[in-house]
Amino acid sequence: MTATLEATAPGLFAPRLRAMTVGSVALISLLAFESLAVGTAMPTVARSLDGFSLYGLAFGGPFAASVIAMVVSGIWCDARGPRPSMWHGLVWFVAGLVVAGTAPAMAVLVVGRVVQGFGSGLLSVALYVIVAQVYPEELHRRIFAAFAAAWVVPSLVGPAVAGLIVEHVGWRWVFLAVPAVAVPAGLLIHPGLRSMARAAVTGPPAGARARIGWACGAGVSAALLHIGGQQRGASALLLTAVAVAGLLVCAPRLLPAGFLRAARGLPTVIGLRGLASAAFVGAEVVIPLMLSRERGLTPTAAGLVLTVGALAWSAGSWVQGRIPKPTSRASLPRAGMACITAGIGTVALTVAPGTPLAVGVVGWAVAGLGMGLVYPSLSVLTLELSAPGEEGRNSSSLQLGDALFAATVLALTGAVLGAGAAPGVRSYLATLVVAAGLALLGALLSTRVTPRPA
């Protein structure tokens with residue numbers, strides 16, 4: 001991991017920034033590992049604690065808590081700087097892991113997962129604000145490329161490592177091992193936070209309470225999406241419909257004004273991030289199922305196809321981090337969304353039995369490359385378009401849009417795949433076409449990331 005980071009961003013390891021960079025990237029890796037590893041461990045957890053009735057809540061609860069925490073963290077960071085949110089996030093994250101890892105019953109584990117989710121939401125926004133306030137602007141592309149690399153290793157090895165831990169040590173250590181790394185990572189960040197100029201303490205901005213209230217509504221709706229996605233038949237459709245309606249009411253009030261009409265500047269930046277996430281995740285959930293059922297691939301072989309996309313994502317992040325100054329604000333997002341569109345469209349060709357499997361593998365690599373170009377560049381644009389004191393709110397909006405778009409598309413994709421007796425060619429093609437359409441919409445809107453001249 002260190003070698004990857006040094007190759008990606010040598011300027012990040014200047015003496016003043018070295019500990020901050022290592023600690024921040026380590027925390028991002030832990031957040032990624034925990035979100036990926038829990039899915040592997042949870043069936044064993046549910047059997048051990050006789051808690052299948054709370055299985056959906058064990059995923060939906062922490063997601064809802066993270067949505068609320070992102071909004072709280074944005075308000076807190078803008079009012080008091082990132083330090084309080086950072087330390088509270090670390091404490092909540094570690095405490096939740098300890099509660100989950102020592103839980104005597106499934107209900108207690110769900111409580112721990114909710115606490116952990118709240119902590120991860122606080123941390124994720126605080127780390128973005130730290131980037132805005134600690135790193136010089138010319139290093140923003142590189143630090144966000146490093147954050148992307150921090151997701152790659154967990155996505156490659158996280159499920160396998162979690163499986164080994166569950167089989168040979170016990171499922172509780174999937175939760176209990178993480179604090180042993182999270183606390184030292186936080187301590188590495190501490191000197192850099194201490195050297196930051198202490199922010200002037202201000203009261204919460206106007207409308208903060210209402211914003212938290214809308215966040216609670218969005219969080220509950222997001223939890224219903226997760227729970228509904230694990231149901232079948234009429235109950236799944238009902239829960240999904242209620243959840244989507246709740247998100248349509250609540251989410252626009254948490255995102256920048258003009259978001260729904262793709263107003264120029266920040267609203268479009270936030271929208272593109274959500275569209276990219278929804279397109280990629282919507283295709284990613286279909287690919288292993290399609291390859292296993294239609295092409296006869298083993299789960300391991302189908303997983304390796306997803307690994308190609310993860311590696312290409314890392315490569316795209318590295319490429320955008322090495323571009324000193326793009327020709328325009330729109331160039332990288334436009335190129336990335338075009339790659340995602342073309343890549344998912346190419347993957348859709350493999351629905352036809354005569355299409356060589358290699359075509360789909362190449363397509364998914366192109367989509368991953370596009371994500372690597374889009375994600376860090378939109379993070380950079382968010383900070384670039386944020387006025388001083390608004391980095392927290394805007395970073396919160398960026399991550400909220402990302403999470404809520406992805407959750408909605410996952411739930412709807414699950415409903416399509418589960419609508420018939422069994423998934424088939426038509427359902428695979430429909431979901432992949434929708435995913436490619438979302439990416440194409442993003443490509444068409446990408447020129448609007450540039451605000452109108454004043």
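These legends describe several close-up views of one predicted model.

The model is predicted, with local features needing pLDDT of at least 70 and side-chain atom pairs counting only at pLDDT 80 or more, while totals for chains, interfaces and linings use all residues. Residues are numbered from 1 along each chain as its sequence is written, and side-chain values use heavy atoms, with hydrogens and water left out.

**View 1. Helices H11 and H15 in contact.** Helices here are DSSP runs (H or I, at least four residues), numbered from the N terminus. The axes of H11 (residues 266–284) and H15 (residues 357–384) come within 10 Å and cross at roughly 155°. Axes are lines fitted to C-alpha atoms, for helices over the stretch in contact, and angles run from 0 to 180 degrees between N-to-C directions. H11 and H15 are therefore roughly antiparallel (angles over 145 degrees). Their crossing is left-handed, a term for a near helix turned anticlockwise from the far one by less than a right angle. Contact means heavy atoms within 4.5 Å. On the H11 side the contact includes Leu266, Val269, Ile270 and Phe280, and on the H15 side it includes Trp364, Met371, Tyr375 and Leu378. By class, this contact has 14 nonpolar, 4 polar and 2 charged residues. Ala, Val, Leu, Ile, Met, Phe, Trp, Tyr, Cys and Pro count as nonpolar, Asp, Glu, Lys and Arg as charged, and the others, Gly among them, as polar.

**View 2. Helices H16 and H17 in contact.** The axes of H16 (residues 391–417) and H17 (residues 425–445) come within 9 Å, crossing at roughly 160°. The two helices are therefore roughly antiparallel to each other. H16 passes H17 in a right-handed crossing, where the turn is clockwise. Val409, Thr413, Val416 and Leu417 of H16 meet Ser427, Tyr428, Thr431 and Leu438 of H17. This contact has 5 nonpolar, 3 polar and no charged residues.

**View 3. Leu400 in helix H16.** Leaving aside residues up to four places away in sequence, Leu400 touches Val67, Met70, Val71, Leu254 and Leu255. Glu294 is 106 residues from Leu400 along the chain, and their C-alpha atoms are separated by 35 Å.

**View 4. Helix H9 and its buried residues.** H9 (residues 208–228) has 21 residues, which at 1.5 Å a residue should span 30 Å, and its end C-alpha atoms are 30 Å apart, in agreement. The expected span is 1.5 Å times one less than the number of residues. Among the buried residues of H9 are Ala208, Arg211, Ala215, Ser221 and Leu225. The buried residues of H9 pack against H3, H10 and H16.

**View 5. Helix H4 and its buried residues.** The 20 residues of H4 (residues 82–101) should span 28 Å, and its end C-alpha atoms are 28 Å apart, which agrees. Buried residues of H4 include Pro82, Arg83, Met86, Phe93 and Leu97.

**View 6. Asp50 and Ala262, each with a positive phi.** Asp50 is not a glycine, yet its phi is about 50°. Asp50 lies in the loop between H2 (18–49) and H3 (55–80). With 68% relative accessibility, Asp50 counts as exposed (over 50%). Ala262, also not a glycine, has a positive phi of about 55°. Ala262 sits in the loop between H10 (234–250) and H11, and Ala262 is buried, with a relative accessible area of 11%.

Key. Angles under 35 degrees count as roughly parallel, over 145 as roughly antiparallel, 65 to 115 as roughly perpendicular and the rest as oblique. Buried means under 20% relative accessible area, exposed over 50%, partly exposed in between (1.4 Å probe, protein chains only).
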